[in-house]
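Hello,

Below is the structure I said I would pass on. My notes on it follow.

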Amino acid sequence: MKTIKYLSLLFCAILLAQCDSQGHKIPRATTYTVTTEPATKISATSATLSFTIRYNSGDEGYERSGFFLNSDLSEAKTIYTDGRYLYSVVVTDLSPKTKYYYQAFIEDRLGNQIKGETLSFTTARELITVTTLAAKNIGSTTANIYLC
């Protein structure tokens, strides 16, 4: 009888050790791999960032995901994705002709982060809009064309 009692207590202790203070199951952070993907749809002021997640168990214990983004290797801006299952985000309001560094991450309920590789992209040059007005003073070999 004592053996069953001790085994029951041991089983309960093992179960409790896998939970945080609020009773949530603690994810095994080492089971995840985050891969930062190359940026796509890069323009002068925006880019699409994406990543993939591989996990070795059926537990999807991460709480949120996102990207760290910066242009000067200093303090990075954190951009969260919209929910747990969206693995890409369109970043806007970027500066033209600027090199940006970014890194994908996932975060569990305890704040532990698993990060992907740091990658970079350079935004395009800003496009200049030229409006051509009607030609004036048209001659047989010359004309005046005005640009705005």
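This is a predicted model: local features need pLDDT of at least 70, side-chain atom pairs count only at pLDDT 80 or more; totals for chains, interfaces and linings use all residues.

Asp 93 counts as exposed, because its relative accessibility is 73% (exposed means over 50% relative accessible area, buried under 20%, partly exposed in between, with a 1.4 Å probe and protein chains only). Asp 93 sits in the loop between strand S5 (88–91) and strand S6 (99–108); strands are DSSP runs of E with at least two residues, numbered from the N terminus.

Residues are numbered from 1 along each chain as its sequence is written, and side-chain values use heavy atoms, leaving out hydrogens and water.

Three strands form an open sheet in the order S1-S2-S5, with antiparallel pairing (two strands pair if DSSP finds at least two bridges between them). Its edge strands are S1 (32–36) and S5, each pairing on one side only. S1 and S2 (residues 47–55) are joined in the antiparallel sense by five bridges, and Val 34 has Ile 53 in S2 as its bridge partner.

There are six aromatic pairs (ring centres of Phe, Tyr or Trp, the latter by its six-membered ring, within 6.5 Å; stacked under 30 degrees between planes, edge-to-face over 60, tilted for the rest). Phe 68 and Phe 105 are stacked, at 4.5 Å centre to centre and 15° between the planes. Phe 68 lies in strand S3 (residues 62–70) and Phe 105 in S6, so this pair ties together parts 37 residues apart in sequence. Phe 105 is buried at 0% relative accessible area.

Regards

Note on methods
Helices (H or I, at least four residues) and strands (E, at least two) are DSSP runs, numbered from the N terminus.
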